[in-house]
Amino acid sequence: MNNAAKRNPVVTLSLITAACLIGDSMLYIVLPTHWKEAGLNSLWEVGILLSVNRLVRIPLNPLVGWIYKKISIRTGFVFATIVALLTTLSYGFVQGFLPLLMIRCTWGLAWTFLRLGAYFTIIDCSDDSNRGHFMGRYNGLYRLGSLFGMLIGGVIADHYGLQNTAFVFGLLTLSSVPFAFFYIPTSKNYENQIDIKTNNSSIIWKDTDILWALAAGTFVAMIYQGMFTSTLSHLIEVHNSSTVYIGALAIGAASLGGILQALRWSWEPWLAPWIGKKSDEKNGRYFILVATLGLASLLFSLIPFQFPVLLWIVILIGIQITATFLTTIADALASDVAVKSSSKMKVMTTYSLLIDFGAAVGPIFGYLLSEYIGIYSAYWYAALLLAILAFKYSFLLIQVISPNNILKKKE
């Protein structure tokens with residue numbers, strides 16, 4: 001199968017996932033300001049509703065991984081798109097904390113089907129020459145749903161209310177259902193070549209390459225998806241004030257945080273595939289990983305210092321760029337070790353579980369340190385963790401490019 005034919009399922013899965021994600025992404029922008037319209041009584045209920053979908057995915061990953069042994073990727077995606085459609089519509093027509101809590105947990109199940117199905121497909125239709133590119137393309141394209149949901153959702157909700165917003169986004173999600181039915185392949189190449197021949201759970205814990213790949217994914221998710229995303233607006237407010245002045249322009253800390261978050265989703269569709277493709281080149285994966293980890297560690301360590309506002313914002317944008325790089329490389333690295341293992345499904349299911357765990361504990365990690373030590377301490381610890389990963393993978397890079405290893409490959 002040529003490269004273009006292999007890529008088509010990845011693009012299809014990515015765009016379907018984007019359409020399913022817009023309702024969830026909209027909620028992160030709309031619910032904090034329209035929570036009374038949703039029948040909630042306090043802001044702490046908003047916090048729980050926006051985090052419970054991640055927490056519930058931790059135990060759901062092994063269950064969904066097991067289900068995928070019994071069903072095709074198409075079946076899993078059709079189920080997930082229908083659930084995404086129903087949950088998106090429910091955000092506007094269901095009120096009250098407990099009903100919305102159940103809906104958010106249900107969305108967590110749908111997302112688990114979407115992500116694991118995509119991971120398994122990418123592993124199955126890629127090889128060492130394009131795995132990073134495919135992972136980057138998937139990450140970049142599905143985040144179009146986040147970009148659209150966050151940018152457009154707030155505008156529609158402010159003018160027409162939460163109910164109308166949920167209805168419009170529900171129609172957009174509905175458009176993905178036929179694509180899941182008719183455009184996701186059902187041939188054996190995509191649903192049954194996933195390795196299910198081993199039940200040896202200890203395989204993961206005996207392989208140091210797998211363990212370090214899992215650790216990299218967990219720490220990247222904890223630092224970027226969890227801690228950095230959740231504390232960014234608070235960090236801007238503490239470091240500057242509730243209003244940031246850039247020349248004659250005054251902008252609120254929350255607004256600036258939202259703009260910086262949206263910037264990442266705007267460049268991911270082209271930057272993530274590009275860096276993934278670069279990482280597929282000879283020795284590219286480890287080289288880019290080590291260089292980016294080192295740069296990210298430096299940028300995080302610079303955050304506490306008092307730079308001019310524009311330069312400090314550039315540092316934050318740099319961190320967002322390293323987030324795109326590291327998320328793509330970590331996913332590709334996990335896929336690499338999964339392919340080499342005796343149980344691809346088990347490795348990727350564990351990886352998915354751990355990045356959900358990292359994303360869930362990241363905000364807790366950030367705000368606990370902020371409360372008891374100070375907001376900057378979270379960023380110092382993030383810099384330290386990233387430096388440790390860079391140190392570890394620098395040794396692997398040296399081994400890969402060492403003359404002895406090159407001679408062995410030639411022999």
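Predicted model: local features only at pLDDT ≥ 70, side-chain atom pairs only at ≥ 80, totals over all residues.

Colouring α13 by accessibility shows that the helix is mostly covered, with 24 of its 32 residues buried.

Go next to helix α4, residues 97-125, whose 29 residues reach 42 Å from the first C-alpha to the last, close to the 42 Å expected at 1.5 Å a residue. Helix α4 is likewise mostly covered, 22 of its 29 residues being buried.

Now select the largest nonpolar core, a set of 111 residues in which Tyr224 and Phe300 have the most contacts. Helix α4 supplies the largest share of this core, namely 15 residues.

Which residues touch Phe300, once its neighbours within four places in sequence are left aside? Centre the view on Phe300 and display Ile223, Tyr224, Met227 and Phe228, together with Ile319, Tyr379, Ala382, Ala383 and Leu386, which are its contacts on that basis.

Finally, turn to the surface and select Phe93, Phe148, Leu151, Ile152, Phe167, Val168, Leu171, Leu172 and Leu174, which form a nonpolar patch with about 760 Å² of accessible area together. Helix α6, residues 144-174, gives the most to this patch, with eight residues. Phe148 lies in helix α6, and because its relative accessibility is 36%, between the 20% and 50% limits, Phe148 counts as partly exposed.

Key:
Residues numbered from 1 in each chain as written. Heavy atoms only, no water. Core = buried A, V, L, I, M, F, W, Y, C linked by side-chain atoms within 4.5 Å. Buried < 20%, exposed > 50% of the residue type's maximum accessible area, 1.4 Å probe, protein only. Helix = DSSP H or I, 4+ residues; strand = E, 2+ residues; numbered from the N terminus. Contact = heavy atoms within 4.5 Å. Patch = residues over 30% accessible without salt bridge, like charges linked within 9 Å, V, L, I, M, F, W, Y side chains within 5 Å. Areas by Shrake-Rupley, 256 points an atom, 1.4 Å probe, with all protein chains shown as cover. Salt bridge = Lys/Arg side-chain N within 4 Å of Asp/Glu carboxyl O. Expected span 1.5 Å × (residues − 1).
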